[in-house]
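Colleague: I have a structure open and want to learn to read it. Where do we begin?

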Amino acid sequence: MSLGRDARARLGGAVRALLDVSGLAGASDAVRLAVLVLASRTPSESGVVKIRTSELGRWIGVSASYTASDVLPVLRRSGVVSVDTAEGDYGQDDGLECKVLPLWAAQDVVGHPLNLAKKEYATLWRLLEAVMGPGWTHRNGSVTPAGLIGTRAGRGAATDRLALLLLVLEARETGRVRLCGGAVDSKRGRAAATLARLMGCTAAAAAGILWRLEERELVFRVRLRTASGLANRSRLMVPAVAAAHGRTVADVVQEDRAEAPESEFSERGGTAGPGEPSELEEEVQVSGVPVTDVADVAEHGVAAALHTDHPHLVTPVVPQQLDCGFSGEGRGGFGDLPDRVCVREGAVDGEDTAAGSASPVAGVGPLRGEKPKDSPVDERVGQRAAVAGAGGRPKAVGWDKAQQQRRVGLPADLGLRVALGPVSWLWERLSGWQQDRVEEAAKAELASLAGLLALPGGAPRLLADRLTDRLAETGGEALVDNPFGWLTGRGLVRRPSCTDRRCDDGTRLDTGGDCENCGNVVHIRRARRAKTAARIERELPHLGDDERRRVLEERLREQAAIEAEDQVRRREQARAEKARRDAARAAAAEHSERERQAAAAADAARQALACEDCGQQQAGGLCEACGYRRRTEALVVEAGMVAASWSADLADQADVDAVAADVRASLAADIERARRGFLDSAPPGEMAADPIGTASVLAFGALRAVEEALPELRSSALGRLARTEEAEAEARRAYKTEQGRRWFRHNPNGADAVAAATKAADTARKRAAEYLLATRLQQLREQAAARTELATRPLNDDTAVIA
């Protein structure tokens, strides 16, 4: 429990980072607490935690069956913890081998909140043992007692344990938990609102958790009182933390009553400070008088509004001994008239020093109610930020919008925290506007790096390495005079040494090795220099060394200028080509849009057409029922041809028509049976209410009846055609061919040879039947098409005479 400020912030950041993992969104408190327990027991060498299911359940306060059925499946699905079962002492699947993946992935990542050292793992383990250890009885008879809330089990135990752990990490050395600022639910209180924001639950649920923890005397809610006896600020205390630091809750309460609050601010509506220093640093204008903690104002609905809001200046509050109850008595200033309004409206009589320290311009002040004159302090402050809102946040005067406050910590985004970790000290020196610009530049660079890397997720680490190298070049953060200019102009900027987009200072961003293109560029430049020097040596052999060097540099500059002009020309050509492609792309898009609009118009016009068969309006040229009827008629004709392909003489059209008529009559009987079945099962009222739908259903039923009969007719036709002379001849040829294979020549009548030949004959017979069916159906279709064409041909004079 006795954690220092740095250790508390480090462990608190790691716990919050684990609880904020996307895989735990919506998970129960038992699952979230199980992740923390496994993280605390993670070995720094292997990262694999070996634990029994029952032991994990004891740590989170639930039964082994609940852990196995409700906790472990959620952990497996979340992707946060990999869970493998191990054999227990008696052969059962009771052992678990778990690895907290985010914790293991963050190892050796500079600046990552989950990059914990071995001693930090040990500290986290001892902290969880002290808070919620279930207690053990060892074989030697020694007993390890349970933690503060280790005996709490059953329903809600995991929630209470998690809440107590978060409060312990938020508690200072005095045991006090900093409360959140802003307006809160007056029925629940500021302490419940603070716990609700830490747990991510409602204020009502947090109030219930606090009530249960108070019942076990694990936390105290202390309500301070003013001299008048009214309820004032509230305190949320964790007595175990105070006791670990050698203090008691009574001592802390006495100090809070007698001394001014600590100089810390909480933003209105923000969460309780999660183990971080205050983000807002105000300049105190009066020496010796601390600034009040805005989060410590009286809770809404609890404390009465005594006076109008005044500047947050506090003098030590002591019980006052007033002669009478007049409001002007006891104030500082002259004895006859009240001079000015002091904090709490009541300094002790005769204490002019206390009254004088309440304002920096208290020399000769106006009477109460009069308009005060502008002071030098007001003139200086009024140029930038002169007033403080109800939540204690300074607002700019004369600006279009409120200035943003400087953030001490790095951004909440995990990628940005990893990327900007090496320059965290420079980040603290930036203003709010500069921090926003640096954050935007870092996000843009991370997006650019993510597009260059083959594997996702490596951009933050790559940018952190770049910042580390640039700091090493500079000589460290202490030598950076202009943090904003250095970050935006040097630290975050990629410096390619060649034309390759993956190059940064001669290093490949995707592989981390030397850039081959940079090596080629250097080689080309050296070869060009050597070639130019050799040409000068041939042309001007009598030049001295200095003159030869001058001529060489001049010619190299001329070549560089020619290359620059050529590069500009190529850039212009590329720009023109890009403009041409953009224009062509725009023209193609416009043409596609016109075609789409034309197709939509044609489709709308088609949908407006009446049905060709029944005349139904808005049917798109053919209604649903008529479409089914057409398909049914086509299948009926096809079924007649399939039956005629084996049972009729194809040269005799009368025979073909007779077979088709028999098939049509059989299918008509099937259709009638399907129709009667539907009419008998459907209520008559529904058919009368929707005649169009009824017709569609009947037509579809007829189609289904024909579709079910057609495969049987086709199978029957194939069976009959397989027994024809053509199919049998094909089977005999295949049988003999298979028997004549070289591997059957030594025994053509053996069992293997006969089986293979029989199989080949059956396959050949089937192929012959399919071929005969396809050929005869094609012949019948051609004959039907010829008759249809002849029937639709108009009569001319010769045809009329013949007729």
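Modeller: With a definition. Helices (H or I, at least four residues) and strands (E, at least two) are DSSP runs, numbered from the N terminus. Residues are numbered from 1 along each chain as its sequence is written. This is a predicted model, where local features need pLDDT of at least 70, side-chain atom pairs count only at pLDDT 80 or more, and totals for chains, interfaces and linings use all residues; side-chain values use heavy atoms, with hydrogens and water left out.

Colleague: How far apart are E577 and R580 in helix α20?

Modeller: They are three residues apart in α20 (residues 545–607), so about one helical turn separates them.

Colleague: What is a salt bridge?

Modeller: The general idea first. Side chains of opposite charge can pair when their charged atoms come close. The rule here asks for a side-chain nitrogen of Lys or Arg within 4 Å of a carboxyl oxygen of Asp or Glu. By this rule there are 50 salt bridges.

Colleague: Which parts does the salt bridge of R10 and E120 tie together?

Modeller: The R10 and E120 side chains meet at 3.3 Å, N to O. R10 lies in helix α1 (residues 5–19) and E120 in helix α6 (residues 118–132), so the pair ties together parts that are 110 residues apart in sequence.

Colleague: Which residues of α6 are buried?

Modeller: They are E120, Y121, L124, L127, L128, V131 and M132. They cover an arc of only 125° around the axis, so they sit on the same side of α6. The arc is that of the directions from the helix axis to the C-beta atoms. The face turned away from that buried side carries the exposed residues K118, K119 and R126.

Colleague: What span should I expect for α6?

Modeller: The expected span of a helix is 1.5 Å times one less than its number of residues. For the 15 residues of α6 that gives 21 Å, and the end C-alpha atoms are 21 Å apart, which agrees.

Colleague: Which residues of α9 are buried?

Modeller: A206, A207, I209, L210 and L213 are. Their arc is only 160° around the axis, which puts them on the same side of α9. On the other side, W211 and E215 are exposed. Just after α9, E217 takes a positive phi of about 60°.

Colleague: Now cavities. What lines the largest cavity?

Modeller: Rolling a probe the size of a water molecule over the atoms shows where empty space is left. On a 1 Å grid over the protein atoms alone, a cavity is a set of points where a 1.4 Å probe fits but cannot get out; lining residues have an atom within 4 Å of a point. Grid points are joined across faces, edges and corners, and a volume is the space filled by probe spheres set on the points. The structure holds one cavity of 30 Å³ or more. About 50 Å³ of space lies in the largest cavity. Its lining is M1, L3, R8, V168, A171, R172, E173, V241 and H245.

Methods: On a 1 Å grid over the protein atoms alone, a cavity is a set of points where a 1.4 Å probe fits but cannot get out, and a pocket is an open set with protein on both sides within 12 Å along at least five of seven lines; lining residues have an atom within 4 Å of a point. Buried means under 20% relative accessible area, exposed over 50%, partly exposed in between (1.4 Å probe, protein chains only).
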